[in-house]
Amino acid sequence: MGQLISLIIFITILFGIMVVFLYKRKLLKKRLSQKIPELWREILVKKVLFYQQLYDQDKRLFEKRIQRFLATKKIEGIDTEIDDSIRLFVASSAVIPTFAFPEYNYPGVHSVLIYPGSFDEQFQTQQFEGSKENIIGIVGNRFQNGVVILSKPDLIAAFDGLPHKSNVGVHEFVHLLDKEDGVIDGIPELLMQHKYVGPWLHEIKKEMRKIETGKSDINPYALTNNAEFLAVVSEYFFDSPKKFKTKHPELYEFLSTIFNIKKNI
Ligand SMILES: [Zn+2]
């Protein structure tokens with residue numbers, strides 16, 4: 001008798017889980033089938049350079065990816081208000097480096113926390129901003145898994161509609177892609193065929209020497225290690241692709257292969 005009751009409870013729980021799962025899936029499908037609000041499109045047109053440069057068909061694809069990210073991840077302001085612009089900047093940061101992989105939606109990420117300023121490793125917001133020591137983004141490897149933390153002013157500065165070489169959002173999401181193979185080491189094995197690993201490491205060394213001797217316009221933060229090198233050059237690659245291609249043609253080729261960007265951007 002006891003066994004029968006346990007079985008009935010088990011089946012009821014299983015059925016309940018299935019119903020919730022199917023309901024959530026249906027809700028997501030419904031949300032994704034809706035068009036994005038016109039206000040969102042206006043923000044993307046004004047502020048997200050990568051989106052501006054896409055063909056119309058790809059713009060629609062970008063919008064769908066944004067919707068999916070926003071429908072499946074929690075974005076929360078910590079001691080700061082966040083609006084649609086901030087949510088769109090976060091989702092754009094996630095979609096830009098994975099645009100060539102339409103099914104990818106950061107399975108390891110469940111939340112993005114937005115802080116009002118830079119912060120130190122204990123997550124205490126700091127008074128001073130902009131110095132190199134201040135952390136403006138964190139991927140939750142050492143702290144909390146599945147969480148990305150970004151500084152609001154740095155995110156706003158990254159998405160001002162103008163080309164530059166830095167983008168804190170793209171930087172952190174590239175770390176997450178790098179982390180997919182289990183280790184953040186500058187070799188995103190999820191995206192990179194094994195035969196490219198050796199030449200890629202050689203290219204990193206070569207460019208690092210140029211940065212060290214003042215012969216490169218890449219942010220010297222790239223010298224920290226191979227992982228930071230990948231994140232820093234990816235910011236430049238996605239934010240100012242034409243300039244990056246002219247100044248760093250070999251690196252441009254590597255990053256085009258890694259991120260599967262087939263056409264010239
Ligand atoms: Zn980094």
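Modeller: Let's begin with His110. Leaving out residues up to four places away in sequence, His110 touches Lys73, Lys74 and Gly146. Keep in mind that this is a predicted model.

Colleague: Where does His110 sit?

Modeller: His110 is in the loop between helix 5 and strand 2, and strand 2 covers 111–115.

Colleague: How many C-beta neighbours does His110 have inside 10 Å?

Modeller: His110 has 15. A residue needs 20 or more to be buried, and 12 or fewer to be exposed. So His110 counts as partly exposed.

Colleague: And how far is His110 from Val147, in sequence and in space?

Modeller: They are 37 residues apart in sequence. In space, their C-alpha atoms are 6.3 Å apart.

Colleague: What about contacts across the protein? What share comes from residues 24 or more positions apart?

Modeller: That share is 64%, counting contacts with a separation of 6 or more.

Colleague: Let's zoom out. How many helices and strands are there?

Modeller: The protein has eleven helices and four strands. It has 265 residues, and 34% of them count as buried.

Colleague: You mentioned helix 5. Is it enclosed or open, and why?

Modeller: Helix 5 is largely enclosed by the rest of the structure, because ten of its twelve residues are buried.

Colleague: Which residues are those?

Modeller: The buried ones are Ile86, Arg87, Leu88, Phe89, Val90, Ala91, Ser92, Ser93, Ala94 and Val95.

Colleague: What span should helix 5 have, and what does the model give?

Modeller: Helix 5 runs over residues 84–95. At 1.5 Å a residue, it should span 16 Å. The end C-alpha atoms of helix 5 are 16 Å apart, so the two agree.

Colleague: Where is Asp79, and is it buried or exposed?

Modeller: Asp79 lies in the loop between strand 1 (74–77) and helix 5. Asp79 is exposed, because 10 other C-beta atoms lie within 10 Å.

Colleague: And what about Asn260? What is its phi?

Modeller: Asn260 is not a glycine either, and its phi is positive, about 60 degrees.

Colleague: Where do I find Asn260, and is it buried or exposed?

Modeller: Look in the segment after helix 11, which is 249–258. Asn260 is exposed, with 11 other C-beta atoms within 10 Å.

Notes:
Residues are numbered from 1 along each chain as its sequence is written. This is a predicted model: local features need pLDDT of at least 70, side-chain atom pairs count only at pLDDT 80 or more; totals for chains, interfaces and linings use all residues. Helices (H or I, at least four residues) and strands (E, at least two) are DSSP runs, numbered from the N terminus. Two residues are in contact if their C-beta atoms, placed from the backbone, lie within 7 Å. The expected span of a helix is 1.5 Å times one less than its number of residues.
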